[in-house]
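This report describes a single protein model for a reader who works with coordinates. The sequence and structure come before the analysis.

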Amino acid sequence: MTGISKSDAEVVRRAYAALAADDMHELEQCFAHDAVWHEPGSNVYSGVLVGWPEIRDAFLALQGPLSHGTLRTELVDIAVAEKYVVAVHRLTGEHHGLTLDSTSYDIVAVARRRIQEVWATHSKQSEVDAFWA
């Protein structure tokens, strides 16, 4: 991976827009088939997910149903660096008497105009863990 471009950042923007619209087909177009997602914490989603099917089925597709449709991911900003795109977003949701409101960021590696790898970080990891407990 050398030199992230504006079009690489656009792939990340498209991915967030597709996630907000619950458009898994468009989201799939943004990810490499062998993509890797690193999710921190101690919750049902924590760990490393390998491949688009696992990222989709064991993570992204379950967030809506497990949060009873309340989870929202709002893209706040994108920074383009030499090797990565950094996406700052806000996670909000409510269920089982818990409220989630965490500024989070994903460090995203893009290759061949597809998301290849994501390292997620949450400002309120304990709140994220409790929400998904």
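How many helices and strands are there in the protein?

## Basis

This is a predicted model, in which local features need pLDDT of at least 70 and side-chain atom pairs count only at pLDDT 80 or more, while totals for chains, interfaces and linings use all residues. Residues are numbered from 1 along each chain as its sequence is written, and side-chain values use heavy atoms, with hydrogens and water left out.

## Fold and dimensions

The protein has four helices and six strands (DSSP runs, H or I of at least four residues for helices and E of at least two for strands, numbered from the N terminus). Starting at the N terminus, the order is α-α-β-β-α-β-β-β-β-α. The radius of gyration (over C-alpha atoms) is 14 Å, close to the 14 Å from the globule rule (2.2 Å times the number of residues to the power 0.38) for 133 residues, so the protein is as compact as a globular protein of that length.

The C-alpha trace spans about 45 × 25 × 25 Å along its principal axes.

Of the 133 residues, 41% are buried (under 20% relative accessible area, 1.4 Å probe, protein chains only).

Methods. Buried means under 20% relative accessible area, exposed over 50%, partly exposed in between (1.4 Å probe, protein chains only).
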